[in-house]
Amino acid sequence: MQYLPNILFVIALAAGVGFFVLNIKKLIRNIKLGRDEDRNDNKPQRWKNMAKIALGQYKMVRRPVSGIVHVLVYLGFVIINLEVLEIIIDGIFGTHRIFSFLGGFYDFLIAVFEIFALLVLVGVIIFWIRRNILHIKRFLNREMKGWPKLDANLILYFEVVLMVLFLTMNAADLTLQTKGAAHYASASGIIGSFPVSQFIAPLFENLSISTLILIERTSWWIHILGILVFLNYLYYSKHLHILLAFPNTYFARLKPQGQFDNLEAVTNEVKLMMDPDADPYAMPEEGAEDEVPAKFGASEATDLSWVQLLNAYTCTECGRCTSECPANQTGKKLSPRRIMMATRDRIEDIGKNIDANKGSFKEDGKQLLDDYISREELWACTTCNACVEACPVGINPLSIIMDMRQYLVMEQSAAPTDLNNAMTNIENNAAPWPFNQMDRANWINEN
């Protein structure tokens, strides 16, 4: 029975990490359902972007209040979880505060952990008030109803519980040390390294040692189990960006924002038309007539690139993109955040379909276009790139919008009437106006 807690801990750890690995494999599989795209150029710049944006939180602080609070919560959550290494070693081998031999440096670490735990609590409370009391507009859009709002609050509750358990565990541990409890007193001499939990410890002074041990062990167990549960909750939550922000910023677009990608097939056609030596009656190369023509644009999530699907999974649902969108601000249906959420929902549904059908996709009568994203949303976009500039983790909603527009125009000829007229005029008159090329400058002579 002496080793029963260790055995139970190893089982819980293996189950938690194992389930997390399975979900990550599923995530990678879903992202790879997108078409291939090479994003391995200019690696020094990509590493710089990742360090600056994902690690350094550079774009978060453009909005000082929410940005600074987010940085504190982010740093606190990362730094405090460094203690998980010690908890894992203690849990496996039955030790208590295995790193306490570090002496003064260990005291410093515990003090830093506690201070950040308090900052995380304060930050989480501020975030909860902003989401639930202040009624900030970007948290009230239609796509934030139901699960997205609940998910955001659940994350905040998770963090509060984990921080409170951490401080409670330390407060009980401190009290056990002052009472000279066996195993606790010998673990370390770190009574002075609890700058926050020392104010909680007086609540436990009149409790017996057995009760204190029960409180400390219960807090310890629930804390580590809570971390494992939270780890596996990430896959189902917007908080997946904790992990994906790093690869997403690394693989983010490096080209100027106003530069659109040209379709290779169309570019080749134009080059052929402009080549004076080209033979318009030449027969296609052998076998070329049997090739299935490449699809123009995207109507389904799998038509998008793996980078765009990574973008969708990385979306934090913060709404900065939507709050900067001029179409949304003027009452249009478009919300760049919803574009990313809808894309993620569709690729998730495709993944579930594949899982349910033992590795193959069974047609479900749905697609990203119309069933998840409406045409009205797509054509409301002004292509101003405000959403791309606003995103704190380098997500590009505009690329998805443009690919889906491309499908509508080139596969279905389904552009709005005014746009169709303009494109017809460009094709016929080399200008968007319905005038013969020879007459385009006649306005100069008008009185």
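This is a predicted model: local features need pLDDT of at least 70, side-chain atom pairs count only at pLDDT 80 or more; totals for chains, interfaces and linings use all residues.

Trainee: Which domains does the assignment give?

Mentor: Domain bounds come from an automatic or database domain assignment. Here the assignment gives domain 1 (4-31 + 63-251) and domain 2 (264-433). Their C-alpha centres lie 41 Å apart.

Trainee: How many residues of domain 1 are in contact with domain 2?

Mentor: Contact means heavy atoms within 4.5 Å. By that rule, 26 residues of domain 1 are in contact with 31 residues of domain 2. One may also read the buried area, which is the accessible area (1.4 Å probe) that two parts lose on being put together, summed over both. Between domain 1 and domain 2 this area is about 2500 Å², and carbon and sulfur atoms give 52% of it.

Trainee: How many residue pairs are in polar contact between domain 1 and domain 2?

Mentor: A polar contact is a pair of N or O atoms within 3.5 Å; within protein, one must be able to donate a hydrogen and the other to accept it, and residues adjacent in sequence count only if both atoms are side-chain atoms. Between the two domains the count is 18 residue pairs, both residues being at pLDDT 80 or more. On the side of domain 1 that touches domain 2, at least two residues are supplied by each of α1, α3 (64-80) and α8 (241-250). The largest share of that side, six residues, comes from α8. Helices here are DSSP runs (H or I, at least four residues), and they are numbered from the N terminus. By type, the residues of that side of domain 1 divide into 11 nonpolar, seven polar and eight charged. In this grouping, Ala, Val, Leu, Ile, Met, Phe, Trp, Tyr, Cys and Pro count as nonpolar, Asp, Glu, Lys and Arg as charged, and the others, Gly among them, as polar.

Trainee: How many salt bridges does the structure hold?

Mentor: A salt bridge is a side-chain nitrogen of Lys or Arg within 4 Å of a carboxyl oxygen of Asp or Glu. The structure holds 18 salt bridges. One of the pairs is K26 with D355, whose closest N and O atoms are 3.9 Å apart. K26 lies in helix α1 and D355 in helix α13 (residues 336-356), so the pair ties together parts that are 329 residues apart in sequence. K26, R29 and D355 are linked in a network of salt bridges. Across the interface of domain 1 and domain 2, the rule finds five salt bridges.

Trainee: Is R346 buried or exposed, and with which residue does R346 form a salt bridge?

Mentor: Buried means under 20% relative accessible area, exposed over 50%, and partly exposed in between (1.4 Å probe, protein chains only). R346 counts as buried because its relative accessibility is 0%. R346 forms a salt bridge with D364, with the closest N and O atoms 2.9 Å apart. D364 is partly exposed, with a relative accessible area of 30%.

Trainee: Where does E377 lie, and which residues does E377 contact?

Mentor: E377 lies in helix α15 (residues 375-380) and counts as buried, at 1% relative accessibility. Leaving aside its neighbours within four places in sequence, E377 is in contact with R142, K333, L334, R338 and I339. The side chains of E377 and R142 meet in a salt bridge (3.5 Å, N to O). That pair links distant parts of the chain, 235 residues apart, with R142 in the loop between α5 (104-132) and α6 (147-178). R142 is partly exposed, with a relative accessible area of 45%.

Trainee: What is the phi of N42, and what is that of E317?

Mentor: Most residues other than glycine have a negative phi. Phi of N42 is near 45°, a positive value in a residue other than glycine. N42 lies in the loop between α1 (4-31) and α2 (43-55) and is partly exposed, with a relative accessible area of 45%. E317 has a positive phi of about 60° although it is not a glycine. E317 is in the loop between α10 (306-314) and α11 (320-324), and counts as buried at 3% relative accessibility.

Methods. Residues are numbered from 1 along each chain as its sequence is written. Side-chain values use heavy atoms; hydrogens and water are left out.
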